[in-house]
Amino acid sequence: MDDKAMWKSRVSKASAECSSVLRERCLLPSDTFLAKGSANLDKLKDLCNEGKEHPSTLFQLYTQAVLDITYFEENQLVDEDFPEEYSLQKLKELICVLSEPEDLVRECGIKEEPINILGAELLECLYWRKGALLYMYCHTAKERSEWLQGNIAIFKKCLNDGVHYLMKMLSFRCPLQLDEDVSLQDKDTARLLSEGVFSDTHLLAMMYSGEMCYWGLKHCGEGKQESLESIDPVSYSDLGSRPHSISLDFQETGRIMLTNTHSEASGPRSKIDVQLSIMSFLSPQDLCRLGSTSCYWRAAVQDPLLWRYFLLRDLPSWTSVDWKSLPDEEIFNKAFSEDSDNALYDYMAVYKRSCPQGRRSLKSSRPRYGTVTSFLQSLVTQAEPRFAMFGPGLEELDNSLVQKMMTCPEILMVAGLPHRQIHGIGSGVSFQFNNNQKFNIVTLYSTTSVERRRAREEQAVAVNKMFYQENSTVGNQQATHYSVIAQVKKVCEVVDGFIYVANAEAHREHDRQEEVARFLAMIDPALGPPNRPLLVLSCVSHVGVRRIPCVYVAHQLQLNLLHQPWMMQDTVAATLDGLLNGIEWLLEEASCKSAQ
């Protein structure tokens, strides 16, 4: 049999064995990874029959199927907390299966190294999965003192093999040698690439290796471990993993692995510092996944300072915030040194509640606007919801938000011609959202278009005709109170909600105190039904303008003091970016209130 026929036969046989395992597992509830593994095996079988594909294609496809199926089984072991009765045997089976792709390449007589057939990424994944699996097993086993006392050789073997697998995983790609004339804006990223760290998984591999070396020193004795070949082989015959005859010096190996990620790696406190330093490179999503691997990491990833760092780093880039998710202002102003009392804030909970991705996942399952909930409702024609839109962002920006809304049907379609409602001050326009729901916006300006244009040309402030000012004395202090004029009051009494357009351009000066006083007068609960939703559009003229983050604008406008649902959404007047997200929220809130 020639080499080509031999490796085809081997892959086909291995595929058949893997399919048999898959059929057994399919007796359990369906799983995405099992389905992917099954699909890859079917494709592999067809390609073997055709005999046209290059060996690397077949081996890579088989490897991916192995990774998918074993991932499903690994998750079962972790979920069951590695039962003592059979977890060692299952560990043996999984490590053997994960070693099979590389073994097949060597056994089939292909005159190329496995890395040239499987590729660096797949080989890294195979070794990562073996090392991480042993890490999770050892993390659980070390807490079982009675088992550990009688099985210290097996525990040592697992640690030794786990670190070897992870170190092998880190060795497949050479560090990136950066030329002097190559400049990267992120110096931390450049440093990691030059040290051979190409992803979050590489960082975790280094962290896991350091942890296992620490466990080896703690539970297996100080100094260099005796040769594994001198330990009774029967002690770990149950493990079944390929023996690494070269025993690790846990102390030296751990020092090297941790030094690669942090310059100070001695003592118990620095161990925590190293973990925090490494975890700060992970995304919050990856950090949550890390926390799901074990009880230890579940506690470690909740470090308050770590999540405070994520919060202060990420919130300037968030494009929306609402009445349920706005972080307390004290979080921004408090120094790290003042935050020794971790009971003050659960920063992890604040982050997950405040970030847009977390809010989307926690979004209530209320019916979308326009959904018919009963036969009787279907017989009732619902009136268009009406919203009053006002604010300095309508008048101060270089691009007109209203004009763009009126002339951009691909984003927002005009469904009704304007009709004058308040002489010289505002007009009402009907729009259609997503070619479905109609709604009406009454745009309220502070003065007439002629006066606004003149004020802009003269760079002066136009007199706001929507309000009148009342002064009063409280004690020894003079207080100013704004009220809306009669025509505007009539609008406020009948609308279903409000749209406030704030000027969020960072290069402009903003008198937020007067802004707050005026918009509070507009949404005064005494002027209409309570708890009407408020959409605040944090608006800039065009994409290139530097903006104030919406979380900061929300605090400047004191939205945290309101007792009604509100949402702030970053918006660009020139492109209407973000507008539809805000309109969708506003229609849903108005619909919910109407249903109540």
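**Exercise 1.** Find how many bridges join strand S2 to S5 and how the two strands run.

*Solution.* Strands (E, at least two residues) are DSSP runs, numbered from the N terminus. S2 covers residues 386-390, and four bridges join S2 to S5. Two strands pair if DSSP finds at least two bridges between them. S2 and S5 run parallel. One of the partners in S5 is Thr443, bridged to Met389.

The model is predicted: local features need pLDDT of at least 70, side-chain atom pairs count only at pLDDT 80 or more, and totals for chains, interfaces and linings use all residues. Residues are numbered from 1 along each chain as its sequence is written, and side-chain values use heavy atoms, with hydrogens and water left out.

**Exercise 2.** Determine how many residues of S5 are buried.

*Solution.* Buried means under 20% relative accessible area, exposed over 50%, partly exposed in between (1.4 Å probe, protein chains only). S5 spans residues 437-444, and seven of its eight residues are buried.

**Exercise 3.** State the number of residues in the largest nonpolar core.

*Solution.* A nonpolar core is a set of buried Ala, Val, Leu, Ile, Met, Phe, Trp, Tyr and Cys residues joined through side-chain atoms within 4.5 Å. The largest has 124 residues. Among those with the most contacts inside this core are Phe519, Leu557 and Met568. A second, separate core has 29 residues, including Phe387 and Phe439.
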